[in-house]
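Hi,

Here is the model we talked about, with the sequence alongside. Have a look first, and then read on for my notes.

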Amino acid sequence: MSLKRFRIAFSFAGEKREFVKEVAEVLAGRFGEAAILYDKYHEAEFARNDLSIYLPKLYNKEADLVVVVVCPQYDVKDWTGLEWLAIHDLLKQRRREEVLLSRFERAEVDGLFSGAGFIELDDRTPEEFAKLILERLALNEGLAKNHYTKAEAGGSPAPVLRSAPIPSNLPGGYIGQLFLGREEFLKELRESLMKQTHATAITQQRAATGIEGLGGLGKTHAAVEYAHRHRADYSALLFVGGDSPQRLNAGLANLCEVLGLNAKGDLPPDEALRVSTALHWLGTHRDWLLIVDNVDDEASAQALTGYFDQMTRGHVLITSRLKSFSGQVDPLDLAELREADAAELLLRLTEKRRRKAGDDAAQAGTLAGLLEGLPLALQQAAGYINEQRLTLAQYHATYQAEAATLLEWFDGLRIPYERSDKLAPKPVLITWKASFERLDEEAKFWLLVFSHFAPESIPEFLLEDGPEADDVEKKIHRNAFKALAEAEKISLLTRYDEPPRFKLHRLVQEVTRLSASEEERGKAIEAGIGLIHACDPGNPLDVRSWNQWTPLQPHALALCQHARDEPPPQRLTWLLGQLDCLFDAKGLHAEAEKHSRRALKIEESSFGKEHPTVAARLNNLAALLQATNRLAEAEPLMRRALQIDEASIGKEHPDVARDLNNLASLLKATNRLAEAEPLMRRALQIDEASFGSEHPNVAIDLNNLAQLLQATNRLVEAEPLMRRGLKIEETSKGLNHPHVAIQLNNLAQLLQATNRLVEAEILLIRVVKILEHKGGEPLANYSAALNNLASLLYATNRLKEAEPLMRRALQIDEASLGPEHPKVAIDLNNLAQLLQDTNRLAEAEPLMRRALQIDEASFGPEHPNVAIRLNNLAQLLKATNRLAEAEPLMRRAFGIFVRSLGVEHPNSQRVGGNYIDLLRKMGVAEEEMGERVRSVLAAEAE
């Protein structure tokens with residue numbers, strides 16, 4: 001059966017209104033007035049200034065069958081002319097079966113062939129024409145011609161031509177209300193109710209259908225909409241409240257009036273007798289629909305189930321938040337509206353009254369996501385927007401600032417709301433507060449805890465006992481699981497099986513938080529952080545912990561956002577530190593820094609500025625600043641951390657070794673190698689004395705010192721330190737740990753520098769495999785590994801293999817670090833050199849210039865990295881014979897290396913040779929050439 005709004009739509013001139021009216025009344029007896037497009041049935045709806053546009057749309061899209069009643073006046077009336085344009089369009093679309101042509105006085109209408117078929121009406125009664133319309137509708141639907149007109153078994157008159165209204169007490173608040181995004185659900189609902197046929201229903205209990213779900217989902221609206229759309233299939237449309245056994249009985253008793261069982265006023269006032277009378281009617285009549293609304297507790301469900309044996313001859317449709325009924329009930333979940341449908345609903349509900357703006361579509365999508373497709377909340381938002389004449393953007397801004405105010409707003413004329421307390425304010429709040437009150441205190445507390453988590457699904461492993469869990473933790477987890485079960489029972493949350501997780505609706509969280517005091521919220525946030533701490537997801541710097549941290553990440557963020565700094569909840573700085581490390585490991589440095597600075601501020605306030613805990617925070621923040629090339633900001637933080645630790649825990653403590661290593665690393669990055677080396681050697685000495693020679697900390701110290709030795713061209717000293725560090729990491733952490741990859745990479749670089757390329761390539765391939773894909777995403781060092789392997793392939797003349805690796809590394813670094821980061825300059829430089837070697841000089845030059853620009857901005861004009869970029873660009877200009885452009889760049893590169901590394905350094909020697917070669921190619925005389933070189937060396941001496 002079609003789910004279009006109208007079964008029949010009439011197009012007629014006013015001169016034939018009386019005839020059409022009688023036909024419409026007969027058809028309304030079959031389908032109900034709402035299903036017949038006859039103007040007198042929809043007067044309020046059609047009182048609009050755009051009716052000439054609105055009506056043709058209904059004919060074209062919202063009617064199963066359009067009945068055209070042509071008469072001599074039809075073709076000359078403006079209104080019917082507009083209607084005919086829409087109907088003629090249906091015919092042009094070859095949707096001819098959707099149009100039934102009829103006429104008086106053999107009148108004609110423009111646009112039809114002479115052979116068009118009409119039903120001639122001059123000698124027909126309205127009842128005869130109605131029967132023909134029903135036959136055509138049945139044929140269109142592939143049914144027997146007499147499907148809608150046949151008599152009942154036993155020869156009783158066919159109910160299809162009944163013009164008297166059927167008994168109905170459906171609530172009027174939903175009639176004419178916009179209903180979107182539920183078409184598939186209504187089909188499923190129909191199928192569910194039709195599972196058992198009427199023929200067998202007399203001898204067995206019918207299955208009632210319970211629509212489950214969160215309050216405010218529109219369950220009552222869906223039930224009433226179903227009733228209206230299928231009113232032709234039922235002998236009565238009945239509605240009772242099921243909030244309690246008492247209200248259920250009162251509603252059943254009241255059906256006696258609806259069904260005309262007390263027409264003579266002879267029924268006694270006794271409620272039990274009236275309930276019995278109504279149930280007798282249900283048990284002896286067929287084809288009725290009974291909606292039992294809001295059966296939300298077990299007592300009400302049991303009371304209703306007790307009446308099922310007297311409700312076997314019709315359909316019982318329950319709306320409920322309960323998740324479990326007897327086997328007689330076929331539960332059917334009603335979900336939130338999809339975001340697109342929710343946005344469309346909001347736009348259409350506010351079409352006439354909101355202030356229009358160019359971003360309406362985008363804002364509607366944003367609000368649909370914020371309200372998570374909850375129809376009641378969308379209706380509430382639309383009502384407020386319409387009342388205040390707001391733009392959607394203004395409502396969004398107001399909601400962010402005053403959520404409580406907007407969730408409390410109510411206008412009974414604007415919001416369809418059919419509960420017993422419908423005249424009370426705060427529809428979203430009251431929809432759920434009744435449910436909250438049914439929870440015990442423990443369950444209420446845990447609902448408040450999880451209301452401070454993110455709206456995303458919460459993994460249930462958060463509540464599982466770890467191997468070290470004590471009795472207190474186990475009790476906490478038991479209570480939390482019990483609360484989940486209670487809340488799920490009344491649909492305040494949803495649980496999923498694969499993987500085990502649960503989810504609270506965003507507005508349930510909002511209302512729960514708004515309903516709690518500041519003190520209660522503080523305790524809930526502290527408990528939420530405690531759950532994550534007890535869960536022990538692992539070290540976020542270790543990728544193997546990410547399968548735990550990634551699903552917890554949005555919830556950890558939400559808890560931190562809700563928490564106050566004064567006073568801070570227990571373990572807030574711990575959680576901020578964990579997020580700092582997690583985002584740093586994922587290369588999301590801006591996010592990491594935000595949490596690092598907040599943790600530092602809280603701990604300075606809590607412990608004082610000279611506490612060792614503060615030193616650790618300073619080190620973490622400085623490391624982030626160094627990673628984002630803000631070296632001048634990082635250095636004083638590192639020196640302050642070292643000073644605090646030396647004064648508070650002694651100069652031989654391992655934390656001091658950590659501080660020394662961090663500061664030395666920064667000094668190395670700023671080319672102060674002579675200052676860095678003694679700090680590194682002191683750190684190694686402390687850690688060997690503290691932990692023994694095979695500890696992972698010692699491996700880190702060895703690696704740092706070896707890299708510094710390599711940077712100062714002491715490769716023979718560096719190699720055994722690297723190999724020793726690699727062996728320690730492999731033994732302590734396993735062959736495929738990211739820390740092992742770091743050691744392997746560094747050793748491969750050294751091997752490559754000493755021309756042992758085959759050995760180096762084996763190590764680099766292993767590095768890429770380790771870092772390639774962990775926890776669904778590559779590690780932060782993956783791009784560097786790609787670059788290093790590409791550089792080796794480049795060095796062994798396998799340029800086609802190298803290029804895609806270089807481009808991938810550039811793409812990763814630009815996305816994660818930003819287009820102005822020094823690592824991006826390295827990527828650009830590497831790719832440009834490869835392009836140059838494959839004679840694609842025009843592609844290479846802009847990449848080299850961009851790399852130079854990045855490094856000058858990052859390190860200043862005198863940094864060795866800048867000299868490398870200058871040298872490379874000059875070499876490219878030389879290759880394109882632009883020697884005069886190349887000379888000042890090469891001279892500048894030579895001078896930087898001499899001033900920063902000394903004249904004997906390999907880089908100085910190599911670039912000096914390049915400069916001399918360039919001068920020779922320019923034809924510079926030997927004497928002048930010597931003068932230019934001496935001028936560079938003299939500048940270094942000064």
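**Salt bridges**

D659 is buried, with a relative accessible area of 0% (buried is under 20% relative accessible area, exposed is over 50%, and partly exposed is in between, using a 1.4 Å probe and protein chains only). Before going further, please keep in mind that this is a predicted model, so to speak: local features need pLDDT of at least 70, side-chain atom pairs count only at pLDDT 80 or more, and totals for chains, interfaces and linings use all residues. Residues are numbered from 1 along each chain as its sequence is written, and side-chain values use heavy atoms, with hydrogens and water left out.D659 has a salt-bridge partner, R658, with 3.1 Å from N to O (a salt bridge is a side-chain nitrogen of Lys or Arg within 4 Å of a carboxyl oxygen of Asp or Glu). R658 itself counts as partly exposed, at 29% relative accessibility.

How many salt bridges does this rule give? The count comes to 57.

Another one to look at is R798 with E761, where the closest N and O atoms are 2.4 Å apart. R798 sits in the loop between α33 (782-795) and α34 (799-817), while E761 belongs to helix α32 (residues 757-771), so the pair ties together parts that are 37 residues apart in sequence. (Helices are DSSP runs of H or I with at least four residues, strands are runs of E with at least two, and both are numbered from the N terminus.) R798 is partly exposed at 26% relative accessible area, whereas E761 is buried at 18%. There is also a network: E593, R597, R630 and E633 are joined by salt bridges that share partners.

R229 and E183 make a salt bridge too, with 2.8 Å between the closest N and O atoms. This pair links distant parts of the chain, with R229 in helix α8 (residues 219-229) and E183 in helix α6 (residues 183-193), 46 residues apart. E183 counts as partly exposed, at 30% relative accessibility.

**The sheet**

Next, have a look at an open sheet of three strands in the order β11-β13-β12, with antiparallel pairing (two strands pair if DSSP finds at least two bridges between them). β11 and β12 are the edge strands, each pairing on one side only. Helix α19 (residues 471-489) packs on the sheet and touches β12 and β13, and its direction makes about 115° with that of β12. Contact here means heavy atoms within 4.5 Å; axes are lines fitted to C-alpha atoms, for helices over the stretch in contact, and angles run from 0 to 180 degrees between N-to-C directions.

Strand β11 (residues 458-459) is joined to β13 by two bridges: I458 stands opposite F502, and P459 has R501 as its bridge partner. On the β12 side, four bridges connect strand β12 (residues 493-496) to β13, and R495 is partnered with F502. β12 and β13 form a hairpin with four residues between them.

Which residues of β13 are on its covered face? In β13 (residues 501-504) they are F502 and L504, while R501 and K503 make up the uncovered face. In a regular strand the side chains alternate between the two faces of the sheet.

**A nonpolar patch**

Last one: W79, L82 and L85 make a nonpolar surface patch of about 320 Å². Patches are made of residues with over 30% relative accessible area and no salt bridge, with like charges joined within 9 Å and nonpolar side chains (Val, Leu, Ile, Met, Phe, Trp, Tyr) within 5 Å. The areas come from the Shrake-Rupley method with a 1.4 Å probe, and for residues only the protein chains shown count as cover. L85 is found in helix α4 (residues 78-92) and counts as exposed, at 59% relative accessibility.

Cheers
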